Amino acid sequence: ATTRSGASARFLGFVLPRCGDEDLPTRRVAFEAAGLLLYADQILRQDPAQGFALKPSDSLVEIVNMRKGMTTDAYTGDVVVEGAPQFARILASLIVPEELPALLLRLIKAFNDVEPESAKMAALLTDLLLEARGGPIRDQVEPVVRALREMLAKSIKADTALLALHALQTFAVHHLLPIADELLKCPVPHESHVTRMFQTVARREELAVPLCRHVL
């Protein structure tokens, strides 16, 4: 396999939020770009000599089929809410472990995207990827929590902020105490967005008691 940095994941992180864009042509191009990036990644990892003669994986074919359904004029559903879970499941099966952190950090930066639906897609994908793949990235708690905290300190859309908080809660299911320790590093009295982060984690029943014991 070819060893690479997280460069391709960062490129993918620029493209993925646009898969929820309200503008149909933008959404179509974003899906095509994401598929091509993932296909190029497959070629580089499996058989560079074959190039584009290499058969795309079943997951890539699923993205193509998904694009056909979500980038037509007839599509009237909520592109982000309806499409993100399936999209995240595909991504979780394709992204290699060493590139996941770079992808997550790039997606988090898109939470304040000027296009609200793109920002929402970025937040939903972050939440769903953390749910599926957050367990093994214990060493990324500090940068991920810091990135979430920095975004929540900004004036982002209310629905995106709620999704960002839910992503933190999801990550805390995997790494509660390290995340609590990161939040405890914040200056006291805590700023309102830090307080909301603590509160969101504590709202999950199985996290509330261990969080309180750790903090107190």
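Hi everyone, a definition to begin with: helices (H or I, at least four residues) and strands (E, at least two) are DSSP runs, numbered from the N terminus. This is a predicted model, where local features need pLDDT of at least 70, side-chain atom pairs count only at pLDDT 80 or more, and totals for chains, interfaces and linings use all residues. Residues are numbered from 1 along each chain as its sequence is written, and side-chain values use heavy atoms, with hydrogens and water left out.

Let me open with the loop between α8 and α9, where P189 is found. What kind of peptide bond joins V188 and P189? A cis one, with omega at about 0°. As background, most residues other than glycine have a negative phi, and most peptide bonds are trans.

Now to the helices on either side of that loop. Two packed helices are described by the angle between their axes and the distance between the axes. Here axes are lines fitted to C-alpha atoms, for helices over the stretch in contact, and angles run from 0 to 180 degrees between N-to-C directions. α8 and helix α9 (residues 192–202) pack at about 90°, and their axes are 8 Å apart. That makes α8 roughly perpendicular to α9, a label for angles of 65 to 115 degrees; under 35 counts as roughly parallel, over 145 as roughly antiparallel and the rest as oblique. On the α8 side the contact (heavy atoms within 4.5 Å) includes L162, L165, L168 and L176, and on the α9 side V194, M197 and F198 are among the residues. By class, this contact of α8 with α9 has twelve nonpolar residues, three polar and one charged. For the classes, Ala, Val, Leu, Ile, Met, Phe, Trp, Tyr, Cys and Pro count as nonpolar, Asp, Glu, Lys and Arg as charged, and the others, Gly among them, as polar.

Next, α8 with helix α6 (residues 116–133): the angle is about 10° and the axes are 8 Å apart. α6 and α8 are therefore roughly parallel to each other. From α6 the contact includes P116, K120, D127 and E131, while α8 brings D159, L163, F171 and H174, among others. Nine nonpolar, five polar and four charged residues make up the contact of α6 with α8.

On to the inside. A nonpolar core is a set of buried Ala, Val, Leu, Ile, Met, Phe, Trp, Tyr and Cys residues joined through side-chain atoms within 4.5 Å. Buried means under 20% relative accessible area, exposed over 50%, and partly exposed in between (1.4 Å probe, protein chains only). The largest nonpolar core has 66 residues, and L16, F87, L91 and L125 touch the most other members. Which helix gives the largest share of this core? Helix α8 (residues 158–184), with twelve residues. Leaving out residues up to four places away in sequence, F87 touches L16, C19, F31, A34, I63, M66 and L125. In soluble globular proteins, nonpolar side chains tend to be buried together.

Among the buried ones in α5 are P101, R106 and L107.

P17 and L107 are 90 residues apart in sequence, yet their C-alpha atoms are 7.3 Å apart in space. Is P17 buried or exposed? P17 is buried, with a relative accessible area of 2%. Beyond its neighbours within four places in sequence, P17 is in contact with L107, A110, S118, M121 and A122. M121, in helix α6, counts as buried at 0% relative accessibility. G20 lies in the loop between α1 and α2 and is buried, with a relative accessible area of 2%.

Last, the cysteines. How many disulfides are there, taking a disulfide as a pair of cysteine sulfur atoms within 2.5 Å? The count comes to zero. C19 counts as buried, at 0% relative accessibility. C212 is in no disulfide, and its nearest cysteine sulfur, that of C186, is 17 Å away. With a relative accessible area of 39%, C212 is partly exposed.

Key: A disulfide is a pair of cysteine sulfur atoms within 2.5 Å.
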